Each structure stands twice: as structure tokens, then as C-alpha cells.
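Hi everyone, thanks for coming. Please have a look at the screen, and then I'll walk you through a few features.

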Amino acid sequence: MFFLLLTVFVVIAIWYFFIKPLSYWKLRHVHHSKTPWYIFGDSWRTFQLLNGKSAYLGIYDFSVPTLCITDPEIIKKIMVKDFDSFVDHSIASIDPEIDPVWGSTLLTSTGKHWKTLRTVLSPFFTSSKLKEMFNLVLEQSQNFVKVISEREGEMDIREIISRFTNDVIASTAFGANVNSLKEPNNEFYKKGLHFTNFQTMSILVRLLLLRFFPALSKKMGLSVIDNETSVFFDTVIKDTIKERQERGFKRLDMINTFLEVLQEQQNNPEKFLKPVTELDLLANALIFYFGGFESVASTLSFGMYELALNKDIQENLRREIQEVTAKHSTITLDVVQSMTYMDMVVSEILRKWPPFLSTDRRLTKPYTLETNDKSNPLIHLGYENRIFVPIYGLHHDPDYFPNPEKFDPERFSESNKASINAYTYMPFGIGPRSCIGLRFALMEVKALLFNVLLNFEIELAPRTHVPAKIQTSLFQYSMEGGIWLKFNRLK
Ligand code: HEM
């Protein structure tokens, strides 16, 4: 009898939690995907949820009813015009009460906490700060060129570039001089790889528990970033601050900006909605690492892949770099930013290979979406819903980008770019919640391409897949078998 009751209970629980929710969109007559998986839903099939010819599609993030939007007008409403109803991110957001470090980052914080952090962190990325940090980035890219020069034959570029992006963030966000390009077992790099690797079973289970069972997770003391990793990076920051205070030493990086913020807070506390603490510095140095490590590495490695495949484009870009080098005795950020062809190439890399396949929003106020759909003119969205924006799908939709698989920087030429709808191109997201590191990332990508093309011709090694074969993970994707390239030194 007991077993019969238990079986009935389990069957009802499965039906209630995992099967019943999957009819949410059907019951509301919203155009929806046909075959979500039980428990997992279908938002993970980002590559397949591409350019459906509907303005929106009801899908499921696990069993959470999520509206995938593909119409530029609706995207504009949600991400810009009616932003107040969609302030927060969904997947990664966790209450700081539950996980103080992960919950205090700009990416994961919500409401007022997010607004305060965004105001405090924006000065890290002003033009004058970027100009100051440009030399640190340039130094790292020259280091990259040196390391490549010393190696021979073909190499899997993704790993080497990720060492470059590691060293850039270590230098600019943590104020640490790290040379993982030279030292294969560098501790900072190893810890960074560990913490940005969201593919292990342990992190997946922790994320699920934290997201769906927050109270239980708190009791269990779970956190997204394990304690050893947090302590390691915290120590790096504290040591740096101590050294600077003791030696009165200044370096133009994010730690320096943060020390200025703390000073400003001491002088004018009324300017701060919420006190800023050292925990905020740790959390956000970590999120800068998380946001800027894989994304920039992915952009640069797929970018070099395309330049190796399209030799004429590589040549054109090199010509622009050589012209600029002949004209200016020192290369500054202004010089790099003035390069129009470089900008066209990088824009096209980010169009064809956006590092983040999608972004998301959570409802912060109930919202009624007006649609052009006669059969369903109003969709009422509540706190239970999520919004999903398929960045990769938009960038590969032939209606918005004809012949989308062609790598063609001319799409972004002065005369052509006016025809691109701004709400269909968004490698960095859009609106007040878009990527805070956009200009920093562009600076890094351009600085490395500049130095590499000035010194080498990039060639594709035969083992690299053409056309590209892609493998996906939770947040990102990469080339199956790696991107193998040869760097031929220019005379
Ligand atoms: C090519 C490189 C990069 C790409 C393509 C990229 C893309 C993105 C995207 C799509 C979002 C979500 C935006 C939205 O939902 O509207 C985002 C958010 C964010 N990114 Fe980036 N990112 C890059 C580099 C960086 C770098 C270098 C940093 C830090 C130095 C960074 C820090 C962040 C942070 C903190 C957020 C959260 C912003 C917020 O919620 O207010 N990213 N990024």
C-alpha cells in the first residue's frame, strides 16, 4: 500500500512540476515550440531556435515559460523603451543573501543594487580610463607577438589567446603582473580557467540548486564560485591594495579607479545609494574576468580563423595597419579607434561569431505586450515569465543579413551600415543593461589584431575544419578540434 501511494505521489509530482508547466504557452494560444524536453525545456537549443518566421516564440527554460523574441520592434520595447519592466537578468541572477560574492556582481545583481553598481563601475570604462589602460593592453599584445615568434609550426590558437585575455584582465582588473603566456602552469590562469569553466557536473548541479532551491542552498552553504577560488582572488586584490598603500604606488588600472571610488565615498557619502565595499570590488573584478576572458578569446580566435580563410580581407586590414603605423610615431587608442576597416572587420567577426549566443531578461513588473498578431494581439506577461533574445539567430537571419554565412566586412561600410536595423545586431546586448565592457573589449580585440597582422601572415592549418564545425556548452561555443593556425613572420 505504502509503495502504491509513494508511486502515485511521485507520478503526480513529476506531472505537476515538469509536465504540466509545458502547456503554459499552448493554453494561452501563444505560438510555441513543439517539442520541449521534460525537465530541461528547450532554451538550451539556442542554435536551433534561430530565425523562425514568427515575431516571438513561447519556449521553456527548464520548465520556466520563456518568450523568445525575434522581432526588432519587440526587442526595442523590451530592452530599451520599457526597460523598467525588464531590468534584471534571469539565468545567472542570485540573491546576495544566498551567495554574497556571486550575488554582488553587476551581471547577477538586481534592482537598486544593480543600479548602484552600474553607476559605481561605469567610470572604469570612460574614454580617459581606457586611454590610460590602453598601454597595459598594448604591452600584453606585444608580449603575445613575442611568444608566437618563439614558437614554430601550427598551433591551436584558442588556448594561447585565452592566456592573452587572462593576462590582460589580471593586469587591468586585478593590478597583477601575470605572464601565463610564458608560464604554462601559472596559478592565476589555472584558477581563472577553473572558475570560468561552467561545464563541470559540480557547477551545473550547484547552479541548478541555487536557482531553484535557494533556501536549501543557503542551508547547505553552496556558492557558484568555490571558496578556494574566491579566497585566491581576494588575496591577490588585498595584497595589491596593501602594496599600493604602503609604497604610495599608483598604476592606471581598475584597482586604482576603485580606490578613487572608496575615497570619493569617504568624502561624499551622500552620493552613494548603497555603501560600496571591498566585497563589491572582488565580485566585480571576478565578473570582469568572467565577462571578458572567454568572450574576447572567442572573438579573437574566430576572427583569426576568418582572416586566415579570407586572405584578401587579411591583406586589406594589414594595409590599413601599415598605413597607420607609417603615419603615427606612437600607436594610441585614438589611432586604433580611427581605423575604419579595422572597425568593419571586428564588427563582422562579432556578427558572424557573437561570443554569447543569447541574452535574457526577467520581469520586474507585469507587462502586456502588444503584438501585430491578429489572433493574439496582447500577451500578458507576469513574474513567472522570462525573456530570451537569440543574438546568434538574429545575426544569422538572411532577412537581416543576406547570405549570413559569408564573412563580409563590407556590410559595415559607411554606405551599407545605415541599412542594418540596430535591433538585429547586438553582440554586446542593447539598452541600459548592455555590456559594460564593450569599449574595453573592442580595444583589446583591435590592439591584438593590430600587432599580430603587423608582424605575421596568418595561415590556416589543414586540420582546422572548413566549413567550421561547432560544439556548444552552457554559455558558449567553440570549434570542434580547435582552431589551428600558422603564423608566418613578415619580413
Ligand atoms: C567581445 C567581448 C564581449 C562580448 C561580446 C560581451 C557581450 C555581453 C553581452 C551580450 C552581455 C549581456 C548584455 C545584455 O543583456 O543586453 C554582457 C554583459 C556584461 N559584460 Fe560583456 N561582453 C564582452 C566583453 C566584456 C568585458 C571585457 C567585460 C569586462 C571588462 C565585460 C563585462 C560584462 C558585464 C559586467 C556585463 C553585465 C552588465 C550588466 O548586467 O549591467 N564584458 N556582455
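Let me start with a term: a salt bridge here is a side-chain nitrogen of Lys or Arg within 4 Å of a carboxyl oxygen of Asp or Glu. Please keep in mind that this is a predicted model. With that term in hand, Glu-187, Lys-191 and Glu-228 are linked in a network of salt bridges, and the structure holds 19 salt bridges.

Let's visit some of the pairs. Glu-260 and Lys-129 meet through their side chains at 3.2 Å, N to O. Glu-260 belongs to helix 11 and Lys-129 to helix 5, 131 residues apart.

Next, Arg-158 pairs with Glu-294, with their closest N and O atoms 2.6 Å apart. That joins helix 6 to helix 12, across 136 residues. Arg-158 is buried, at 17%. As for helix 6 itself, 15 of its 16 residues are buried, so this helix is largely enclosed by the rest of the structure.

Glu-306 is buried at 1%, and Lys-352 is buried at 8%.

Which residue is the only protein donor of the ligand's iron atom? That's Cys-435, through SG at 2.3 Å. Cys-435 sits in the loop between helix 16 and helix 17, and helix 17 is mostly covered, with 14 of its 18 residues buried.

Methods. Residues numbered from 1 in each chain as written. Predicted model: local features only at pLDDT ≥ 70, side-chain atom pairs only at ≥ 80, totals over all residues. Heavy atoms only, no water. Buried < 20%, exposed > 50% of the residue type's maximum accessible area, 1.4 Å probe, protein only. Helix = DSSP H or I, 4+ residues; strand = E, 2+ residues; numbered from the N terminus. Donors = N, O, S within 2.8 Å, 3.2 Å for Na, K, Ca; no water.
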